[in-house]
Amino acid sequence: MTIVTISDIDFNALYKHHKQQAGRPAKPASAWDARALALRGKPLESAYTDAFIERMDFSDARTLLDVGCGAGNIGVQVAHRLDAVYGMDYSPAMLDVMAHNAAVRGLKNVHPIQAGWDDDWEAIPVCDIVVASRSTLVEDLGDALSKLHNHARRRVYLSYLTGGFFVDRSIARLLGRDGRAHPDYMYILNILHTMGVTPRLDYIDVPGPLAGTENFDDFAQKVTRALGELDETDYQALQHWYDADAGRACRGGALMRWAFIWWETNSYD
Ligand SMILES: C[S@@+](CC[C@H](N)C(=O)[O-])C[C@H]1O[C@@H](n2cnc3c(N)ncnc32)[C@H](O)[C@@H]1O
């Protein structure tokens, strides 16, 4: 098909193609179960969650659905402002950590739901606010955005990666991974546009996952988690980068920029 205007572009097909090119197959829930163990007892508060929550509007909202809720970093922290929070995740261990975090805060209105993006959402409650924080790197973005939209009576808030990497892009470039960037947030804006939604955009700049590592091994391990296995040449290049500037190494390189995207759904009762 000849592309004449932007309306001729199937952004969801483009997204799927890009996702495939990035070569990171979808993780099973068990991978997140393993991560959940490390989150037990860790604080929910961070510069990122503070910035996310302060951008939310709770007016006329009594219920919230937190999709890919993890340890409850958003849902549990805002539950005292609401009648009910539903934390949805496909990882049962993450839901256990979220339930624990709610219990230690004395919250009785936080309800775990074990379900995934690809499941039928028929039984998932429609809520006033729907949140998807750092959890939308999905296989079918169009389907995911429709689900978020259709489950929100008032507003949807989500955050998404900018630039395609969970680490400073110069590190990805250094290790020859530049061509394997994850899809960028611009797909979201374009897919929402085709859905007739007019999203609002802001950014949250915070230290990334490589910040504050204790030593080179810790740093290299985190780079491996973000970019995949490293060979000897990669290790040497990374060690050089790490040793060249102690301050930069401690900061983990440049700040990480999250796109903060939200919209009104106008589907009030
Ligand atoms: C990076 S964590 C984000 C957690 C939390 N929302 C936050 O911002 O801290 C991503 C979460 O999404 C969940 N997740 C990943 N893929 C999922 C899927 N297909 N269905 C449901 N949850 C998923 C993971 O289990 C994990 O808890």
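Analyst: Arg134 sits in the loop that runs between strand 4 and helix 6, the helix of residues 141-150. The model is predicted. Phi of Arg134 is positive, about 55°, and the residue is not a glycine. As background, most residues other than glycine have a negative phi. The partly exposed class lies between the buried limit of 20% and the exposed limit of 50%.

A positive phi turns up at Asp60 too, with a value near 60° in a residue other than glycine. Asp60 belongs to the loop between helix 3 and strand 1, the strand of residues 63-67. Its relative accessible area is 59%, so Asp60 is exposed.

The buried residues of helix 3 pack against strand 4 (127-132). Their other partners are helix 4 (75-78), strand 5 (152-161), strand 6 (200-206) and strand 7 (256-264). Which residues of helix 3 are buried? In this helix, residues 47-54, they are Tyr48, Thr49, Ala51, Phe52 and Ile53.

Next, the helix pairs. Two packed helices are described by the angle between their axes and the distance between the axes. Take helix 1 (residues 11-22) and helix 8 (residues 186-194). Their axes come within 9 Å and cross at roughly 155°. Helix 1 and helix 8 are therefore roughly antiparallel; the cut-off for that label is over 145 degrees. The crossing of helix 1 with helix 8 is left-handed. On the helix 1 side, the contact involves Phe11, Asn12, Leu14, Tyr15 and His18. Helix 8 supplies Tyr187, Asn190, Ile191 and Thr194. By class, this contact between helix 1 and helix 8 holds 5 nonpolar residues, 4 polar and no charged ones.

Now helix 9 (residues 216-227) and helix 10 (residues 232-244). The axes come within 11 Å, with a crossing angle of roughly 125°. That angle makes helix 9 oblique to helix 10. The handedness of this crossing is right-handed. Phe216, Phe219, Ala220, Val223 and Thr224 of helix 9 touch Tyr235, Leu238, Gln239, Trp241 and Tyr242 of helix 10. The contact of helix 9 with helix 10 counts 8 nonpolar residues, 2 polar and no charged.

A charged residue does occur in helix 10: Asp234. Is Asp234 buried or exposed? Its relative accessibility is 11%, so Asp234 counts as buried. Which residues does Asp234 contact, beyond its neighbours within four places in sequence? They are Leu175, Arg177 and Glu229.

Finally, the whole protein. It has 11 helices and 7 strands. Its radius of gyration is 19 Å, close to the 18 Å of the globule rule for 269 residues, so the protein is as compact as a globular protein of that length. The C-alpha trace spans about 60 × 55 × 30 Å along the principal axes. Buried residues make up 49% of the 269. Among contacts with a separation of 6 or more, 74% join residues 24 or more positions apart.

Note on methods. Residues numbered from 1 in each chain as written. Predicted model: local features only at pLDDT ≥ 70, side-chain atom pairs only at ≥ 80, totals over all residues. Heavy atoms only, no water. Axes fitted to C-alpha atoms, helices over the stretch in contact; angles between N-to-C directions. Helix = DSSP H or I, 4+ residues; strand = E, 2+ residues; numbered from the N terminus. Parallel < 35°, antiparallel > 145°, perpendicular 65-115°, else oblique. Left-handed = near helix turned anticlockwise from the far one by under 90°. Contact = heavy atoms within 4.5 Å. Rg over C-alpha atoms; globule rule 2.2 N^0.38 Å. Buried < 20%, exposed > 50% of the residue type's maximum accessible area, 1.4 Å probe, protein only.
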